[in-house]
Amino acid sequence: MEVEPFLFNIVVLSLFVNIAMSLYGVFVRPSLIKKIISLTIFSDTINTLVIVVGFRHAIPNPIPPVVIEIPPPPQYLRQFVLQAVDPLPQALVLTAIVIGLAVLLFLMFTTLQIYRIYGTTDVRKISRLRG
Amino acid sequence: MMLHYILMALSALLSISVVYLAIVERDLIKAAIFSAVQSALYAFLYYLLMAPDIFLTYIPVGVGLYTALILILIKKTERYEGE
């Protein structure tokens, strides 16, 4: 009975459930601020999925991709390649977090300007406005 | 090693309920705080997925800056959704 793949599948499936709920929040909820909160949850979940792609099950345990011994001897390098997780998705996610912060600031100032001009953040009321 | 997978599954399952509360809640301040709890759970998940650099970046950005910016936005606009 393999328990560890079962627990890992629980993680992946719950991330997909989170994607579904945050997309519901982006598309259905009327408030612009609620849409921004849902969008941050959506981007976090996508980042987590990217990190999950780089993870792997290693015996006895996976280690973070950090080389400790400089210069590395060959048997240390062999053990490192057999155990370390993939560092490339982590570098991509580190960039995506910073870009997500910039996008959040842009959306925040757009929402603030909409509230100053129209006096509401409800998209149903904004869509009924003329002129 | 088994404990890592159990903690990963627990934090992922807890994040489902917290995301549901954050989406459904009509008070936007409570929704922002639930979003911060979700960010903390995801940061713990990153630590268990062997990404310590993402963990160290994500604690100040996800829990601190996102929540602070959304709270400033709520203070300058309206607090309740769907009035």
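**Close-up views of the contact between chains A and B**

**View 1. The side of chain B that touches chain A.** In this predicted model, 44 residues of chain B are in contact with 46 residues of chain A, two residues being in contact if their C-beta atoms, placed from the backbone, lie within 7 Å. Helices H1 (2-24), H2 (28-48) and H3 (52-76) of chain B each supply at least two residues of the side that touches chain A, and the largest share of that side, 14 residues, comes from H3(B). Helices (H or I, at least four residues) and strands (E, at least two) are DSSP runs, numbered from the N terminus. By class, the side of chain B that touches chain A has 32 nonpolar, eight polar and four charged residues, where Ala, Val, Leu, Ile, Met, Phe, Trp, Tyr, Cys and Pro count as nonpolar, Asp, Glu, Lys and Arg as charged, and the others, Gly among them, as polar. Residues are numbered from 1 along each chain as its sequence is written, while chains are lettered from A and ligands numbered from 1 in the order in which they are written. As the model is a predicted one, local features need pLDDT of at least 70 and side-chain atom pairs count only at pLDDT 80 or more, whereas totals for chains, interfaces and linings use all residues.

**View 2. Chain B on its own.** Chain B has three helices and zero strands, and from the N terminus on its elements run α-α-α. Its C-alpha atoms fill a box of roughly 50 × 25 × 10 Å, taken along the principal axes. Of the 83 residues of chain B, 41% count as buried; a residue is buried if 20 or more other C-beta atoms lie within 10 Å of its own, exposed if 12 or fewer, and partly exposed in between, with C-beta atoms placed from the backbone. Among contacts in chain B between residues at least 6 apart in sequence, 57% join residues at least 24 apart.

**View 3. H2(A) beside H2(B).** The axes of H2(A) and H2(B) come within 11 Å and cross at roughly 5 degrees, which makes H2(A) roughly parallel to H2(B). Axes are lines fitted to C-alpha atoms, for helices over the stretch in contact, and angles run from 0 to 180 degrees between N-to-C directions; angles under 35 degrees count as roughly parallel, over 145 as roughly antiparallel, 65 to 115 as roughly perpendicular and the rest as oblique. The residues that make this contact include A:Ile33, A:Ile37, A:Thr40 and A:Asp44 of H2(A), and B:Ala31, B:Ser35, B:Tyr42 and B:Leu45 of H2(B). Sorted by class, the contact has ten nonpolar, five polar and two charged residues.

**View 4. H2(A) beside H3(B).** The axes of H2(A) and H3(B) come within 11 Å and cross at roughly 170 degrees, and these two helices are therefore roughly antiparallel to each other. Among the residues making the contact are A:Ile33, A:Ile36 and A:Ile37 of H2(A), with B:Gly62, B:Tyr66 and B:Ile70 of H3(B). The residues of this contact divide into nine nonpolar, two polar and one charged.

**View 5. The largest nonpolar core.** The largest nonpolar core has 37 residues, and those with the most contacts inside it are A:Ile33, A:Ile37, B:Ala22, B:Leu45, B:Tyr46 and B:Ile70; such a core is a set of buried Ala, Val, Leu, Ile, Met, Phe, Trp, Tyr and Cys residues joined through C-beta atoms within 7 Å. The elements that give two or more residues to this core are H1 (4-28), H2 and H4 of chain A together with H1, H2 and H3 of chain B, and the largest share, twelve residues, comes from H2(B). Not counting residues up to four places away in sequence, A:Ile37 touches B:Ala22, B:Ala31, B:Ala32, B:Ser35 and B:Ile70.

**View 6. Helix H4 of chain A and A:Gln90.** At 1.5 Å a residue, the 31 residues of H4(A) (residues 88-118) should span 45 Å, and the end C-alpha atoms are 45 Å apart, which agrees; the expected span is 1.5 Å times one less than the number of residues. In H4(A), A:Pro89, A:Gln90, A:Val93, A:Gly100 and A:Leu104 are buried, and the buried residues of this helix pack against H2 (32-54) of chain A together with H3 of chain B. A:Gln90 counts as buried because it has 24 C-beta neighbours inside 10 Å. Leaving aside its neighbours within four places in sequence, A:Gln90 is in contact with A:Ile51, A:Gly54, B:Ala51, B:Asp53 and B:Ile54. Just after H4(A), A:Gly119 takes a positive phi of about 80 degrees.

**View 7. B:Met50 in a loop of chain B.** B:Met50 is placed in the loop between H2 and H3 of chain B and has a positive phi of about 65 degrees although it is not a glycine. With 26 C-beta neighbours inside 10 Å, B:Met50 counts as buried.
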